[in-house]
Amino acid sequence: MAETVTATPGRRVFVDKQSPDAYRALTATAEAVRAVAAEAGLDRVLVELVNLRVSQLNACAFCLDLHTRAALRAGETTRRLAVLGAWRDTELFTPRERAALALAEATTHPADAEAQTAAYALARPVLSDDEISAVIWVAITINAFNRVSVLSKHPVRPAPAH
């Protein structure tokens with residue numbers, strides 16, 4: 001059972017630690033989504049681009065740090081990561097990646113019907129239904145983790161000195 005502490009002004013609750021069963025369920029969902037993405041044929045770089053773009057939109061420092069490192073391990077370049085926030089203004093991303101990024105943004109801002117229409121217009125010619133579904137699930141999942149980290153104010157700690 002999680003510890004109950006009297007509220008202190010300014011102190012954040014690490015909701016993942018306070019409600020571990022809910023967090024375990026979210027982690028299990030993320031594992032299922034990872035499998036769905038792999039089965040749909042989405043490569044790790046594309047998944048990490050979605051994770052990063054959503055985390056940029058949600059200003060989640062913890063997830064940006066985590067998924068930047070994951071993207072680099074998957075083979076992404078620092079050049080493309082540097083311009084990810086302006087992906088529409090560069091030709092560094094493939095049509096599939098551009099479609100996935102548009103879907104990720106539309107998923108992050110679901111009330112924007114115009115963005116959804118535009119995202120599907122980009123996605124339909126280059127992504128299958130399975131791929132579209134997987135991208136949307138990846139975006140839904142990282143949005144949930146972003147909210148856990150942002151509202152808990154999970155810290156980004158300096159890298160250990162070597």
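Is Tyr23 buried, exposed or partly exposed? I find Tyr23 partly exposed, because its relative accessible area is 28%. The classes I use are buried under 20% relative accessible area, exposed over 50% and partly exposed in between, with a 1.4 Å probe and protein chains only.

Ground rules next. This is a predicted model, where local features need pLDDT of at least 70 and side-chain atom pairs count only at pLDDT 80 or more, while totals for chains, interfaces and linings use all residues. Residues are numbered from 1 along each chain as its sequence is written, and side-chain values use heavy atoms, with hydrogens and water left out.

**Aromatic pair.** I looked for aromatic pairs and found one in the structure. Tyr23 and Phe145 make it, edge-to-face, at 5.9 Å centre to centre and 85° between the planes. The pair links distant parts of the chain: Tyr23 sits in helix α2 (residues 20–40) and Phe145 in helix α8 (residues 129–152), 122 residues apart. For pairing, ring centres of Phe, Tyr and Trp (its six-membered ring) lie within 6.5 Å; planes under 30 degrees apart are stacked, over 60 edge-to-face, the rest tilted. Helices here are DSSP runs (H or I, at least four residues), numbered from the N terminus. I noted Phe145 as buried, because its relative accessibility is 15%.

**Glu97.** I located Glu97 in helix α6 (residues 95–108). Glu97 counts as buried, because its relative accessible area is 10%. Its side chain makes a polar contact of 2.8 Å with the side chain of Arg80. The Glu97 side chain also reaches the backbone nitrogen of Thr94 at 2.9 Å. A polar contact is a pair of N or O atoms within 3.5 Å; within protein, one must be able to donate a hydrogen and the other to accept it, and residues adjacent in sequence count only if both atoms are side-chain atoms.

**Thr90.** I found Thr90 in the loop between α5 (78–82) and α6. Thr90 is buried, because its relative accessibility is 17%. A polar atom of its side chain lies 3.1 Å from the backbone nitrogen of Leu92.

**α6 against α8.** I read a packing angle of about 50° for α6 and α8, with axes 9 Å apart. So α6 is oblique to α8. Axes are lines fitted to C-alpha atoms over the stretch in contact, and angles run from 0 to 180 degrees between N-to-C directions. Under 35 degrees is roughly parallel, over 145 roughly antiparallel, 65 to 115 roughly perpendicular, and the rest oblique.

Definitions and conventions
Helix = DSSP H or I, 4+ residues; strand = E, 2+ residues; numbered from the N terminus.
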